[in-house]
Amino acid sequence: MSVPSVSRVLVVDDERQLLRALAINLRARGYDVDLATTGEHALAAAAKHHPDVVVLDLGLPGIDGVEVIRGLRGWSQVPIIVLSARDAEHSKVAALDAGADDYVTKPFGMDELLARLRAALRRATPAEEDAVIETPDFTIDLATKRVTRGDEEVRLTPTEWNVVELLVRNPGKLVSYRQLLREVWGPGYEKETHYLRVFMAHVRRKLEPEPSRPRYFHTEAGMGYRFHAD
């Protein structure tokens, strides 16, 4: 699957062999590619070229990847996909909390990375937001704040609605536990992950056809949740 128009990708990694391989693969698929090997170079390249998506390693010399994310988020909402050999949960959470949109652990398959990149670009494409999200099992109307299953309304509490709304407004995107807690409960609740477990269990019982095997509201252990409409 090709991108609908030429998109510019900034790839940041200090492993030059991997950097070359990514550049070759991305250019072969029609992307414009800029390369950086340090955090400082990455921030300068982003300011100069305004990429459509950033693919970023965390373990960089000088400014590390998390600081690069914070630097970018100071002025840009460009999608950021983190690539890292750091598979520890705290590294993933730190990157997501700093503002990364997705996370791929090395070693990775090129097809997976390309799929994540296409998804990030789709989410970033300016478009009118759909007011109605339809799934095979239920419909969510963001304008009227109603959820229906067939002709019947599904009653959600205000907190359940706020959790659902944040996830469905970010389809396919990993929304971290901390972001959900901060935006739904407030900044003083960012460590209260048990709140999320309770409310997600309620949401799944009301909306999932098989709550124990979620089809729409997916958990990524230790990190957060994703919503998929199909």
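User: Is G109 buried, partly exposed or exposed, and what is its relative accessible area?

Analyst: Buried means under 20% relative accessible area, exposed over 50%, and partly exposed in between, with a 1.4 Å probe and protein chains only. G109 has a relative accessible area of 35%, so this residue is partly exposed. G109 belongs to the loop between β5 and α5 (110-124). This is a predicted model, in which local features need pLDDT of at least 70, side-chain atom pairs count only at pLDDT 80 or more, and totals for chains, interfaces and linings use all residues. Residues are numbered from 1 along each chain as its sequence is written, and side-chain values use heavy atoms, leaving out hydrogens and water.

User: What is the order of the strands in the open sheet?

Analyst: Strands (E, at least two residues) and helices (H or I, at least four) are DSSP runs numbered from the N terminus, and two strands pair if DSSP finds at least two bridges between them. Here five strands form an open sheet in the order β2-β1-β3-β4-β5, with parallel pairing. At its edges are β2 (32-36) and β5 (102-105), each pairing on one side only. Five bridges join β1 (residues 8-12) to β2 in the parallel sense, and D32 in β2 is the bridge partner of R8.

User: At what angle do the axes of α6 and α8 cross?

Analyst: Axes are lines fitted to C-alpha atoms, for helices over the stretch in contact (heavy atoms within 4.5 Å), and angles run from 0 to 180 degrees between N-to-C directions. The axes of α6 (residues 158-168) and α8 (residues 193-207) cross at roughly 80° and come within 10 Å. Angles of 65 to 115 degrees count as roughly perpendicular, under 35 as roughly parallel, over 145 as roughly antiparallel and the rest as oblique. Therefore α6 and α8 are roughly perpendicular to each other.
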